[in-house]
Amino acid sequence: LDDMPPPPRSTFWLLHDYLSEQVHRSTNVTLWLQQYRSRALDVYFRVATECGDTPFYVTVMPLLAWVGVEQYGALPIDFVQRMALLLFAAALISCTLKDVMRLPRPPAPPVWRPKQEHDGGLPSGHTLSVTALVLFTLDYCWPALHVTASASTRTAVLCAAAAWVLSVALSRLYVGVHSVPDIVVGFVLGVGLYGVFAGDAGLGEHVLHAFGSPSALD
């Protein structure tokens, strides 16, 4: 019995070990980014990381409902409801994968980390949420922008949206709480989640319709 080879590891653990190795390898990327630390960048990226967190969205969503986006062709509450569902789904996916995978965060030290995080690393929930929400908002507003806004204005909107997503994603590297694989997986999941929710036949429409809220399915 002592001469028998150990049983093969499951696919899950092989994937876990591979991703753990990639997290440690990408520590050099985080250290490279942090070598350019300055007071201004510290402030910028710490603000950016807070603007990608759930409390920020929970604060902004009621403001959107109060201010209104009726010029974009739908009830403000209708838009905010879909955003809330999307944010809930992003948080659910992120927290579930963190608890299941339990992958490490970048080692600190040598990485500078002003705020400790005690859950798993992969995926980056900030990157997942901001990617899905920005794509969803652009998809919602783009028909009106295409009619009422100039080409230069539309380009500026796209650049601002891309800058927001990039700033939130890079902020998670800069403050040392995520690695490159965490960011990449978060982005891919965010795009996928947007795809599930997008359009009049998306998941958000069906959920709202089931609960009797205004829906394009009606």
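## Confidence of the model

The structure is a predicted model, and the mean pLDDT of the protein is 81. A score of at least 70 is reached by 82% of the residues. Among the elements of the protein, the highest mean pLDDT, 93, belongs to helix α3 (residues 39–50). The lowest mean, 50, belongs to helix α9 (residues 203–210). In residues 214–218 the pLDDT falls below 50, although this stretch has 17 contacts in the model beyond near neighbours in sequence.

## Aromatic pairs around Y57

A pair of aromatic rings is described by two quantities, the distance of the centres and the angle of the planes. The structure contains eight aromatic pairs. One of them joins F56 and Y57, with 5.6 Å from centre to centre and 70° between the planes. This pair is edge-to-face, because its angle is over the cut-off of 60 degrees.

Is Y57 buried or exposed? Y57 has a relative accessibility of 4% and therefore counts as buried. F56, by contrast, is partly exposed, with a relative accessible area of 29%.

Y57 also pairs with W164. The centres of these two rings are 6.4 Å apart and the planes meet at 50°, so this pair is tilted. Y57 belongs to helix α4 (residues 54–67), while W164 belongs to helix α7 (residues 151–174). The pair therefore ties together parts that lie 107 residues apart in sequence. W164 has a relative accessible area of 34%, which means that W164 is partly exposed.

Which residues do ring pairs link into a cluster? The cluster consists of Y44, F45, W112 and Y174.

S94 is located in helix α5 (residues 76–101). With a relative accessibility of 4%, S94 counts as buried, because the value is under the cut-off of 20%. When neighbours within four places in sequence are left aside, S94 is in contact with P123, G125 and L128.

Definitions and conventions
Residues are numbered from 1 along each chain as its sequence is written. This is a predicted model: local features need pLDDT of at least 70, side-chain atom pairs count only at pLDDT 80 or more; totals for chains, interfaces and linings use all residues. Side-chain values use heavy atoms; hydrogens and water are left out. pLDDT is the predictor's confidence in each residue, from 0 to 100. Helices (H or I, at least four residues) and strands (E, at least two) are DSSP runs, numbered from the N terminus. Contact means heavy atoms within 4.5 Å. Rings of Phe, Tyr and Trp (its six-membered ring) pair if their centres lie within 6.5 Å; planes under 30 degrees apart count as stacked, over 60 as edge-to-face and the rest as tilted. Buried means under 20% relative accessible area, exposed over 50%, partly exposed in between (1.4 Å probe, protein chains only).
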